[in-house]
Amino acid sequence: MGLLDDWTAGSHTSDAGVTYPTYRKGSGPGVVIIHEVPGIYHHVVAFAEEVVAAGYTVVLPELFGTTGARKNEWTMAKSILKLCVSAEFNCLRRGRTSPVTAWLRSLANALHEEIGGPGVGALGMCATGNFALAMMLEPSVIAPVVAQPSLPFAISRKHGADLNLSPEDLAVVKERAAAGCQVLGLQYRDDFMVGTRFQTLGDELGGAFIPYWFAGKGHSTLTTERQQVAVDKVLEFFADKLTPVG
């Protein structure tokens with residue numbers, strides 16, 4: 001049986017005419033899970049299945065990489081190269097929002113319009129970690145999770161503190177946080193790829209940012225170096241934010 005044989009393959013096209021493939025499974029409130037490098041591989045799907053089993057409609061957008069490929073040095077290098085040369089991903093410039101997040105906001109809005117309820121969840125990991133922040137510009141995104149956010153690449157201290165947001169978009173994110181939209185964060189404490197972004201998030205969002213650190217130099221908190229407490233915190237966060245009232 002293939003990795004995603006029991007998921008429904010589809011696509012979403014934004015008003016701007018941008019299209020990416022998607023995979024969907026489950027029922028209940030909507031959650032967009034954005035894969036990490038190198039793409040939608042089996043550990044990402046295993047985590048997504050846990051979210052489905054907890055009672056959510058999960059959509060996996062395919063943004064880069066070869067779905068189903070193994071995670072190894074070769075597939076990771078190919079995916080990182082694509083990120084670096086693509087205009088849709090801001091890998092190195094500070095104070096810029098990755099353009100692909102506009103499509104992700106469109107996807108979240110369409111999912112919410114279809115399913116209804118209080119809103120949708122958004123979870124990014126690694127190179128897509130901060131994308132969940134940019135998705136907060138879409139009001140329907142009410143449960144954003146940033147797992148080991150790694151863009152822009154931490155090639156300097158300033159890069160490592162950057163949130164992959166333009167000043168204008170950061171202002172909107174801060175407004176939403178001040179109005180009560182909390183952000184859950186997950187990272188290994190000594191993960192150099194995350195830099196000091198959690199400190200930046202705390203400074204910018206105050207008590208609306210809920211960070212969880214794990215000991216060591218690991219990276220992928222929900223997949224290849226999975227922490228059960230990380231998975232539990234994500235599911236608790238979604239249950240708190242996405243469960244309909246009444």
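This is a predicted model: local features need pLDDT of at least 70, side-chain atom pairs count only at pLDDT 80 or more; totals for chains, interfaces and linings use all residues.

Reader: Ok, which residue in β2 is the bridge partner of A9?

Author: Y23 is the bridge partner of A9. The hairpin has five residues between the strands, and G17 takes a positive phi near 85 degrees there.

Reader: Switching to charges: how many salt bridges does the structure hold?

Author: Seven. One of them joins the side chains of R24 and E114, at 2.7 Å from N to O. That pair links distant parts of the chain, with R24 in strand β2 and E114 in helix α3, 90 residues apart.

Reader: Is E114 buried or exposed?

Author: E114 is exposed, at 52% relative accessible area, while R24 counts as partly exposed at 27%.

Reader: And what about E50 and R226?

Author: Their side chains meet in a salt bridge too, 2.5 Å from N to O. E50 is in helix α1 and R226 is in the loop between β8 and α8, so the pair ties together parts 176 residues apart in sequence.

Reader: Now the inside. Which residues touch the most other members of the largest nonpolar core?

Author: L63, F89, F131, L133, M135, L201 and L205, out of 42 residues in that core. Helix α3 gives the most to this core, with six residues.

Reader: What does L63 touch?

Author: Leaving out residues up to four places away in sequence, the contacts of L63 include Y20, I34, F89, W103 and F131.

Technical notes. Residues are numbered from 1 along each chain as its sequence is written. Side-chain values use heavy atoms; hydrogens and water are left out. A nonpolar core is a set of buried Ala, Val, Leu, Ile, Met, Phe, Trp, Tyr and Cys residues joined through side-chain atoms within 4.5 Å. Buried means under 20% relative accessible area, exposed over 50%, partly exposed in between (1.4 Å probe, protein chains only). Helices (H or I, at least four residues) and strands (E, at least two) are DSSP runs, numbered from the N terminus. Contact means heavy atoms within 4.5 Å. Two strands pair if DSSP finds at least two bridges between them. A salt bridge is a side-chain nitrogen of Lys or Arg within 4 Å of a carboxyl oxygen of Asp or Glu.
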